[in-house]
Amino acid sequence: MANATDNSCDVRQILMPLDQALTELQARAIPIKNTQQVTLKESLGRVLAQDLISSINVPPADNSAMDGYALRASDLSDSNTELIVSQRICAGETGEKLAQNTVARIFTGAPIPEGA
């Protein structure tokens with residue numbers, strides 16, 4: 001075990017300053033000039049020459065990233081407002097538009113209701 005006076009593991013002696021590291025990395029980078037069109041199966045390990053944009057929206061609607069509650073921000077203007085759970089939305093279900101002063105219990109993957 002190294003003691004407090006042992007400098008053999010001092011990271012300041014191992015690491016270089018960020019600006020120097022960036023300069024060295026940029027000097028070693030080799031730009032890719034040639035492009036090829038390949039199938040999706042052949043694309044593993046390659047770099048895209050241009051942006052690839054899906055022709056469909058995935059997911060098809062805004063959805064909940066985790067279990068929680070969906071609410072309307074405008075209902076939070078008064079800290080004393082009581083919000084009532086008006087619906088429960090599971091993944092694969094579509095909820096109703098949120099009414100004023102209500103929230104929806106929403107689960108991962110469920111579409112976010114209109115107004116939330």
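Me: What is the volume of the largest pocket in this model?
Reply: The structure shown above is a predicted model, and the value given here is computed from its atoms. For the largest pocket, the volume comes to about 530 Å³.

Me: Which residues lining the largest pocket are the closest to its centre?
Reply: The lining of this pocket is made up of 15 residues, and by type they divide into seven nonpolar, six polar and two charged. Among the 15, the ones closest to the centre of the largest pocket are Gln 36, Val 38, Val 47, Leu 48 and Ala 49.

Me: How far apart are the closest N and O atoms in the salt bridge of Glu 24 with Arg 28?
Reply: Side chains of opposite charge can pair when their charged atoms come close. Glu 24 and Arg 28 both belong to helix 2, which covers residues 18-28, and they stand four residues apart, about one turn of the helix. A salt bridge requires the nitrogen and the oxygen to be within 4 Å, and in the pair of Glu 24 and Arg 28 the closest N and O atoms are apart by 3.6 Å.

Me: Are Asp 75 and Arg 72 buried or exposed?
Reply: The side chains of Asp 75 and Arg 72 meet in a salt bridge, with 3.0 Å from N to O, and the count of salt bridges in the model comes to two. A residue has to fall under 20% relative accessible area to be called buried, and Asp 75 and Arg 72 are both buried.

Me: Which residues make up the largest nonpolar core?
Reply: One of its members is Ile 89, which, leaving aside residues up to four places away in sequence, touches several others, including Ala 104, Ile 106 and Ala 110. The core has six residues in all, namely Ala 70, Ile 89, Leu 98, Ala 104, Ile 106 and Ala 110.

Me: Which residue is joined to Val 58 by a cis peptide bond?
Reply: The residue in question lies in the loop between helix 2 and strand 1, the strand that covers 68-71. The omega angle of this cis bond is about -5°, and the residue that the bond joins to Val 58 is Pro 59.

Me: What is the phi of Asn 101?
Reply: Asn 101 lies in the loop between strand 2 (84-89) and strand 3 (102-106), and with a relative accessible area of 27% Asn 101 is partly exposed. Although Asn 101 is not a glycine, its phi is positive, at about 60°.

Terms used:
Residues are numbered from 1 along each chain as its sequence is written. This is a predicted model: local features need pLDDT of at least 70, side-chain atom pairs count only at pLDDT 80 or more; totals for chains, interfaces and linings use all residues. Side-chain values use heavy atoms; hydrogens and water are left out. Helices (H or I, at least four residues) and strands (E, at least two) are DSSP runs, numbered from the N terminus. Buried means under 20% relative accessible area, exposed over 50%, partly exposed in between (1.4 Å probe, protein chains only). On a 1 Å grid over the protein atoms alone, a cavity is a set of points where a 1.4 Å probe fits but cannot get out, and a pocket is an open set with protein on both sides within 12 Å along at least five of seven lines; lining residues have an atom within 4 Å of a point. Grid points are joined across faces, edges and corners, and a volume is the space filled by probe spheres set on the points. Ala, Val, Leu, Ile, Met, Phe, Trp, Tyr, Cys and Pro count as nonpolar, Asp, Glu, Lys and Arg as charged, and the others, Gly among them, as polar. A nonpolar core is a set of buried Ala, Val, Leu, Ile, Met, Phe, Trp, Tyr and Cys residues joined through side-chain atoms within 4.5 Å. Contact means heavy atoms within 4.5 Å.
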